[in-house]
Amino acid sequence: AMNMNDLIPLKDYAEKNNIDVSTLRHRIRNGTLPEAVKMANAWFVPRDLPLVDNRTKGRSRRWKNKEE
């Protein structure tokens with residue numbers, strides 16, 4: 001079973017992995033982030049969950065810099 005301490009808020013995971021939270025939410029909705037756990041109103045994911053890029057490698061890079 002997963003320990004609560006192993007879960008971090010989606011936002012923290014997004015920051016840690018330089019990915020947009022909305023991208024993660026989209027993955028949860030379309031089922032490509034099955035490890036996500038909903039508690040109360042918030043999504044949590046395992047702290048050490050490796051970030052798998054389901055898209056073609058080249059595209060995600062460009063988006064990452066949108067915020068910076």
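The legends below accompany several close-up views of this predicted model.

Because the model is predicted, local features need pLDDT of at least 70 and side-chain atom pairs count only at pLDDT 80 or more, while totals for chains, interfaces and linings use all residues. Residues are numbered from 1 along each chain as its sequence is written, and side-chain values use heavy atoms, with hydrogens and water left out.

**View 1. The whole chain, to get your bearings.** Three helices and three strands make up the chain, and along the sequence they follow the pattern β-α-α-β-β-α. Helices (H or I, at least four residues) and strands (E, at least two) are DSSP runs, numbered from the N terminus. Of the 68 residues, 25% are buried; here buried means under 20% relative accessible area, exposed over 50%, and partly exposed in between, with a 1.4 Å probe and protein chains only. Contacts are heavy atoms within 4.5 Å, and among those with a separation of 6 or more, 57% link residues 24 or more positions apart. The chain exposes about 5100 Å², of which carbon and sulfur atoms supply 51%; these areas come from the Shrake-Rupley method with a 1.4 Å probe, and for residues only the protein chains shown count as cover.

**View 2. Around Ile28.** Ile28 sits in helix H2 and is buried, at 14% relative accessible area. Not counting residues up to four places away in sequence, Ile28 touches Leu10, Leu33, Ala36 and Trp43. Trp43 is 15 residues from Ile28 in sequence, and their C-alpha atoms are 9.2 Å apart in space.

**View 3. The three-stranded sheet.** Follow the strands in the order E1-E3-E2 and you cross an open sheet with antiparallel pairing. At its edges are strand E1 (7-9) and strand E2 (37-39), each pairing on one side only. Neighbouring strands are turned by 40° against each other on average, direction ignored; the axes are lines fitted to C-alpha atoms, for helices over the stretch in contact, and angles run from 0 to 180 degrees between N-to-C directions. Three bridges join E2 to strand E3 (residues 42-46), and Val37 has Phe44 as its bridge partner in E3. Two strands pair if DSSP finds at least two bridges between them.

View 4. The structure holds one salt bridge, in which the side chains of Lys11 and Glu15 meet at 3.2 Å, N to O. The term requires a side-chain nitrogen of Lys or Arg within 4 Å of a carboxyl oxygen of Asp or Glu. Both residues lie in H1, four residues apart, about one turn of the helix. Lys11 is partly exposed, at 48% relative accessibility, whereas Glu15 is exposed, at 54%.

**View 5. Two loop residues with positive phi.** Most residues other than glycine have a negative phi. Asn18, in the loop between H1 and H2, has a phi near 55° and is partly exposed at 47% relative accessibility. Ala40, in the loop between E2 and E3, has a phi near 50° and is exposed at 79%.
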